[in-house]
Amino acid sequence: MAKTEHYYTQFEAGHFYHIYNRTVDKQPMFKNDGNYEFFLTRYGEYLSPVIDTYAYCLLGNHFHLLIRVKEDLEVQSSGDRNVVHDKVSHQFQKFFQSYALAFNKQQDRVGTLFQTPFKRAMVTDDTYLIQLVYYIHDNPQQHGLIDNFREWKWSSYKSMLSDKLSRLKKQEVLNWFGGKDAYQTYHHQLHKYLADRKFDESLIEH
């Protein structure tokens, strides 16, 4: 369940955020591989100018992102308004609208697709950043979508280990863990630790 403050958190340049949201009716927002691919394509087009992405996971009716707002966003004085927040929020809204319009047309669906406002939590603790990467990647297994989260196609877990070019901040994330081997070991050990305790999200709650 989202904390109340996660509906109102303001975006600030240079800060990390956990972004998460689901459909209004808890029904799937992805019906096929093409939907997942389209989501990621549109996400890159709309959001890459204002944020960097450090981890992601797309699930049946919701998604999780770990992002950092770019430090070099142009900021002009606008009274008491947070111009950076306005810019980032606007790009997210354009992205959600773009995906929803295409999904609704494909599925012969009408109406709002995503819950609003979307949830975001600022992350300021380095240790929690590492735990959050694991939490995001482990979601498919915890929701019973797959037996091994490492094999989920629509998360950044495998992408971190690939040498293919992408917008994902792979090397920075791997450096947090101490390299590829340590990255994999951490995921394995924390998964086993939480599985032994029947996975209590509060154990890694920010």
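## Backbone exceptions in two loops

Lysine 26 sits in the loop that links β1 (16-22) to α1. Its phi is near 65°, a positive value in a residue other than glycine. The model is predicted. Lysine 26 counts as exposed because its relative accessibility is 56%, and the cut-off for exposed is over 50%.

The loop between α2 (83-107) and β4 holds proline 117. Aspartate 108 is in the loop between α2 and β4 as well. Phi of aspartate 108 is near 50°, again a positive value in a residue other than glycine. Aspartate 108 has a relative accessible area of 73%, so it is exposed. At proline 117, the peptide bond from threonine 116 is cis, with omega near -10°. For context, most residues other than glycine have a negative phi, and most peptide bonds are trans.

## Overall layout

The chain contains five helices and four strands. Read from the N terminus, the order of elements is β-α-β-β-α-β-α-α-α.

The chain has 206 residues, and 46% of them are buried. Take the contacts with a separation of 6 or more: 70% of them join residues 24 or more positions apart. The chain exposes about 11100 Å². Carbon and sulfur atoms supply 47% of that area.

## The sheet

In what order do the four strands form the open sheet? The order is β2-β3-β1-β4, with antiparallel pairing. β2 (51-58) and β4 (119-123) are the edge strands, and each pairs on one side only. From one strand to the next, the twist averages 20°.

β2 and β3 (residues 62-69) run antiparallel and are joined by seven bridges. Threonine 53 stands opposite isoleucine 67 of β3. Helix α1 (residues 33-47) lies across β2 and β3. Its direction is at about 165° to β2.

## The α3/α5 packing

Two packed helices are described by the angle between their axes and the distance between the axes. Helix α3 (residues 126-142) packs with helix α5 (residues 180-196) at an angle of about 65°. Their axes are 10 Å apart. The crossing of α3 and α5 is right-handed.

Which residues make the contact? From α3 come Ile130, Gln131, Val133, Tyr134, His137, Asp138, Gln141 and Gln142. From α5 come Tyr183, Tyr186, His187, Leu190, His191 and Leu194. The residues of this contact divide into seven nonpolar, six polar and one charged.

Key:
Residues are numbered from 1 along each chain as its sequence is written. This is a predicted model: local features need pLDDT of at least 70, side-chain atom pairs count only at pLDDT 80 or more; totals for chains, interfaces and linings use all residues. Side-chain values use heavy atoms; hydrogens and water are left out. Two strands pair if DSSP finds at least two bridges between them. Axes are lines fitted to C-alpha atoms, for helices over the stretch in contact, and angles run from 0 to 180 degrees between N-to-C directions. Contact means heavy atoms within 4.5 Å. Buried means under 20% relative accessible area, exposed over 50%, partly exposed in between (1.4 Å probe, protein chains only). Accessible areas come from the Shrake-Rupley method with a 1.4 Å probe; for residues, only the protein chains shown count as cover. A crossing is left-handed if the near helix is turned anticlockwise from the far one by less than a right angle, and right-handed if clockwise. Ala, Val, Leu, Ile, Met, Phe, Trp, Tyr, Cys and Pro count as nonpolar, Asp, Glu, Lys and Arg as charged, and the others, Gly among them, as polar.
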